[in-house]
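Q: I am new to this structure and would like to learn how to read it. Please take me through it feature by feature.

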Amino acid sequence: MSNQVTVQVEFVDSDPASPDPASVSAFADQVLADLRSRGVVLQPVYTGAMGGDVYELIRQIAEGAAANKDILVAMISGIIAPIVSVIAERVRQRDKASANPPASAPPVVVIVVEDARIEVVDPDISADELLSRLLAADPQLAEKVSPQTKPVVQVRVAGRRDRR
């Protein structure tokens with residue numbers, strides 16, 4: 001029996017007090033196009049809030065992923081790490097395309113699985129490192145995860161006004 005897993009991906013402004021929805025949406029559109037080119041299609045989620053860049057990806061994970069740790073590994077290596085990898089590639093392309101790379105920090109990626117929460121400042125990170133950091137944040141995470149777990153990947157984008 002295969003298991004279905006849903007991952008939520010949110011694009012938000014790194015400064016909620018002074019949001020720049022245009023910058024957030026532009027970055028989200030670029031990442032979504034990059035994911036589509038790799039065969040990963042995120043579906044928009046209605047949140048009731050204006051300017052909400054929230055998406056979901058529903059994926060089947062292998063039949064053999066019956067144990068909780070196997071489900072966690074499948075979530076990280078098969079779903080979350082590829083999304084983070086595309087974000088890292090988009091940041092590299094943005095910086096390469098500009099004669100003067102933006103002075104603002106790259107997006108911060110926050111990954112939440114059950115009670116474990118990590119921030120990834122450099123999104124160029126391996127699946128093994130993501131898994132290791134999540135397990136360090138919550139050593140019991142492997143026992144808590146199930147197909148009903150809904151991990152969240154939140155991308156905090158610096159608006160144009162944050163660029164120096």
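A: Start with one residue and its surroundings. Leucine 130 touches Ile76, Ile80, Ala81, Ile111, Ile118, Val120 and Ile125, leaving out residues up to four places away in sequence. Contact here means heavy atoms within 4.5 Å. This is a predicted model, in which local features need pLDDT of at least 70 and side-chain atom pairs count only at pLDDT 80 or more, while totals for chains, interfaces and linings use all residues. Residues are numbered from 1 along each chain as its sequence is written, and side-chain values use heavy atoms, with hydrogens and water left out.

Q: Which residues touch the most other members of the largest nonpolar core?

A: In soluble globular proteins, nonpolar side chains tend to be buried together. A nonpolar core is a set of buried Ala, Val, Leu, Ile, Met, Phe, Trp, Tyr and Cys residues joined through side-chain atoms within 4.5 Å. Buried means under 20% relative accessible area, exposed means over 50%, and partly exposed is in between, with a 1.4 Å probe and protein chains only. The largest core has 44 residues, and those touching the most other members are Phe11, Ile80, Ile111 and Leu130. Helix α2 (residues 68–97) gives the largest share of this core, 13 residues. Helices (H or I, at least four residues) and strands (E, at least two) are DSSP runs, numbered from the N terminus.

Q: Which residues of helix α3 are buried, and where do they sit around the axis?

A: An α-helix has 3.6 residues a turn, so residues three or four places apart point the same way. In helix α3 (residues 127–137), the buried residues are Leu130, Leu131 and Leu134. They are on the same side of α3 because they cover an arc of only 95° around the axis; the arc is that of the directions from the helix axis to the C-beta atoms. Asp128 and Ala136, on the other side of α3, are exposed.

Q: How many bridges join β1 to β3, and how many join β1 to β6?

A: Two strands pair if DSSP finds at least two bridges between them. β1 and β3 are antiparallel and pair over 9 bridges, with leucine 57 in β3 as the bridge partner of valine 7. β1 and strand β6 (residues 152–157) run parallel and are joined by 6 bridges. There, valine 153 in β6 stands opposite valine 9.

Q: Is β1 mostly covered or mostly open?

A: β1 is mostly covered, with 9 of its 11 residues buried. Valine 5, in strand β1 (residues 3–13), counts as buried because its relative accessibility is 0%. Apart from neighbours within four places in sequence, its contacts include Leu57, Ile61, Met75, Ile79 and Pro147. From C-alpha to C-alpha, valine 5 is 8.9 Å from isoleucine 71, though the two are 66 residues apart in sequence.

Q: How many aromatic pairs does a search of the whole structure find?

A: Rings of Phe, Tyr and Trp (its six-membered ring) pair if their centres lie within 6.5 Å; planes under 30 degrees apart count as stacked, over 60 as edge-to-face and the rest as tilted. The search finds 1 aromatic pair. Phenylalanine 11 and tyrosine 55 have ring centres 6.2 Å apart and planes at 75°, so they are edge-to-face. The pair links distant parts of the chain, 44 residues apart: phenylalanine 11 is in strand β1 and tyrosine 55 in strand β3 (residues 53–61). Phenylalanine 11 is buried at 3% relative accessibility, and tyrosine 55 is buried at 10%.

Q: How many salt bridges are found in the whole structure?

A: A salt bridge is a side-chain nitrogen of Lys or Arg within 4 Å of a carboxyl oxygen of Asp or Glu. The search finds 6 salt bridges. Glutamate 119 meets arginine 117 in one of them, at 3.5 Å from N to O. Glutamate 119 also forms a salt bridge with arginine 156, where the closest N and O atoms are 3.6 Å apart. Because glutamate 119 lies in strand β5 (residues 116–120) and arginine 156 in strand β6, this pair ties together parts 37 residues apart in sequence.
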